[in-house]
Amino acid sequence: MADVTAVTASRTHGAARRSTHTLRLRVSAALIAVAVLAVLLVPPLVRLDQQAVDLAAELLPPSPTHPFGTDDMGRDLLLRCVHGLRVSLLVGVVAAFTATLIGTAVGATAGALGGWADRMVMRMVDTLSSVPHLLLGIFVVAMFRPGVWPVVVSVALTHWLSTARIVRAEVLSLRSRPYIDAAVSGGASRWRVTVRHLLPAVLPQAGLAAVLMVPHAMWHESALSFLGLGLPTHTASLGTLIQDARGSLLAGQWWPTLFPGLFLIIPTLAVAGLAGVWRERINPRRRSELML
Amino acid sequence: MLELRDVTAGYDRRAPVVRNATLTVAPGEAVGLLGPSGCGKSTLARVTALLHRPDSGHVVLDGAPVHRYRHRAPRAQRTAVGVVFQQPRLSADPRLRLTDLIAEPLRATGRRSSVPERVAELAGTVGLTPDLLTRRPHEVSDGQLQRACLARALVLRPRWLVCDEMTAMLDASTTAALVRAVEDYRTATGAGLLAVGHDRLLLNRWCDRTVHWDTVTPKRAPMPVRTPG
C-alpha cells in the first residue's frame, strides 16, 4: 500500500513538473515568437519613422497615442524599442552563433588532437579568460569606427571561450569510447572521426551554449552601446536607448529607461526558460524521471 | 604472423597494466587468451589492434614491425586487424543506423561503391534481417548490436581478428551464432584470430590453442587493477 502511495505521489509529482515545464515552454516560446515577429514585421510594414523628431511632444508619459511614451526628442518609444530590439537581437544572434562556431572549432580541435596541441590551446583559452571580457570587447571595438559589425566581432571574439571549454571536455570524454576505437580501426582519418563521430555528439551541447549566449551577447552589446563605444548614438539599440534616457530618469521620467530595459530583460528570461527546458530534454536521466 | 614482442603497456608509465607480454598468432590460427578480470587483457587486445601505443616492445604484423599506432598507423596496417569489443552499446555510434555502422569502414577507406553489396552479404553472414539494418543502436538488443559490430569488423576483410570478450554479454545461442560467423569467415579467408576471454570452456572449444595470461606475461609482478578508460 505504501508503495502504491509512493508511486502515485511520484506520478503526481512528475505530472506537476511536466505541466510546469509545458507552461514554461509555452510562455517562453510565445514571448520569443512575439519579439521575433515584432522585429521582423514592424519595421518594414509600419510606415512610421522611428527617427521622426517632434519637439512639441517631448517626454510624454505613456498614453493611447504613444503606449510607451516619447523620449526627449519626442520620438515614439514603442517604435524606437522595436527598432532597438531588432538591432540588439541581430547583434546577439549573429555574435552568439559566430562565437559558438569559433568555440566549437577550437574546442573540437584541441580535444581531437590531444597532447601538446590541446595543452597549448587550452592555456591560451585560460589566458584570454583571465581578462574581463567586457574590457577585451572594448579593446576590439576601439579599433574600428562605431557600427554594428565591430560590435558583432567584439562579442564573438570574447565569448567563444566557454563554448571551447565545453566542447573540448565533451570531445575528450567521447574520444576514449570504444566506438571511436572501432572507427580508427576501420581506417577513419582524424578528420573523419571528428566530423562524423565527435562533432555530431557535441552539437546539442554547442547548440544549447549558442542559444544561451544570445541574451548574453545582447547584454554585452547594450553595455558597449551604453558606454558609448558600441553602436553610433543615432542607431536605436536597447543600449543606446537606455544611454539616451539616463538624464530624464533623474528628472523623474521613468518610461524612457524602463521600456528598453524590459525589452532586454524579457527576451533574456524567455531564452533562459527555453534553454532550461531543452537542457532537461537532452539529459537522459531527467528524461526518465519526467516519464514517471 | 601476428607477433607481440615483449610488450609493456598501460595508461601510466610508472604503473603499466601489461608487462613484457609475448604472444604469436600464426596465419589461419585461432589463439585464445585466458585471464582473470582486470589483468590487462583488453589493453593487450587494444595494442594488438594498433589502437594503443605500448610503452615498450613491438607488434609485428605480417613481418613488418609497427612503429605508429592509432591514427598515425598506416591505414593498410590498421585495417589489417579487425576488432570486436566487449560492450556493443559502447562500440556503436548511437547516431548511426546499423547499415551505416557496418558500412562505416568502407566509407572511411573510400570504397563507397561496394557498400550495398558488402552490407547485404555481411548481414546474411552474421544473421541480421533487412528490417534490423534500418534501426539505430537503441532500437536493437545487445546481441543484435554485437552482430552488427562483428559485421563492421569483417567488412574490410581483415587478415587478423581480435575479439575482446566478444560474447561476454550475450546468451548461449547468440554466442554460438557469432562464433560460427567468425569461424566461417576464417575458413573462407584464412584469417588469424586472437580471442580474449575468461571463459575457458568456450575458448577451448573455439580456438586451436588457448594460452593463459600468466604464460604470456613471464613473471607475475603485483599489478594494480585497472580498466581501460
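**Entry 1**

I looked up E183(B) and found its salt bridge with R186(B), closest N and O atoms 3.1 Å apart; a salt bridge here is a side-chain nitrogen of Lys or Arg within 4 Å of a carboxyl oxygen of Asp or Glu. This is a predicted model, so local features need pLDDT of at least 70 and side-chain atom pairs pLDDT 80 or more, while totals for chains, interfaces and linings use all residues. I also note that residues count from 1 along each chain as its sequence is written, that chains are lettered from A and ligands numbered from 1 in the order written, and that side-chain values use heavy atoms, without hydrogens and water.

E183(B) and R186(B) sit three residues apart in helix α8 (residues 172-189) of chain B, which means about one helical turn lies between them. Helices (H or I, at least four residues) and strands (E, at least two) are DSSP runs, numbered from the N terminus. R186(B) is buried at 8% relative accessible area, and E183(B) is partly exposed at 21%. My cut-offs: buried is under 20%, exposed over 50%, partly exposed in between (1.4 Å probe, protein chains only).

I then saw that salt bridges with shared partners join R123(A), D126(A) and R165(A) into one network.

**Entry 2: pairs across the chain**

I searched the whole structure and got 19 salt bridges over all chains. One of them joins R168(A) and D118(A), 2.7 Å from N to O. R168(A) is in helix α6 (residues 161-175) and D118(A) in helix α3 (residues 115-129) of chain A, 50 residues apart. D118(A) is buried at 8%; R168(A) is partly exposed at 21%.

In chain B I found E29(B) with R209(B), closest N and O atoms 2.6 Å apart. E29(B) lies in the loop between β2 (18-25) and β3 (30-34), R209(B) in strand β9 (residues 209-212), 180 residues apart. E29(B) is buried at 16%, and R209(B) is partly exposed at 32%.

**Entry 3: the largest pocket**

I put the largest pocket at about 1400 Å³. A pocket is an open set of points on a 1 Å grid over the protein atoms alone, where a 1.4 Å probe fits, with protein on both sides within 12 Å along at least five of seven lines; lining residues have an atom within 4 Å of a point. Of its 50 lining residues, D181(A), Y11(B), R46(B), H52(B) and R70(B) are closest to the centre. Elements giving two or more residues include α7 (178-185) of chain A and α1 (41-48) of chain B.

Key. Grid points are joined across faces, edges and corners, and a volume is the space filled by probe spheres set on the points.
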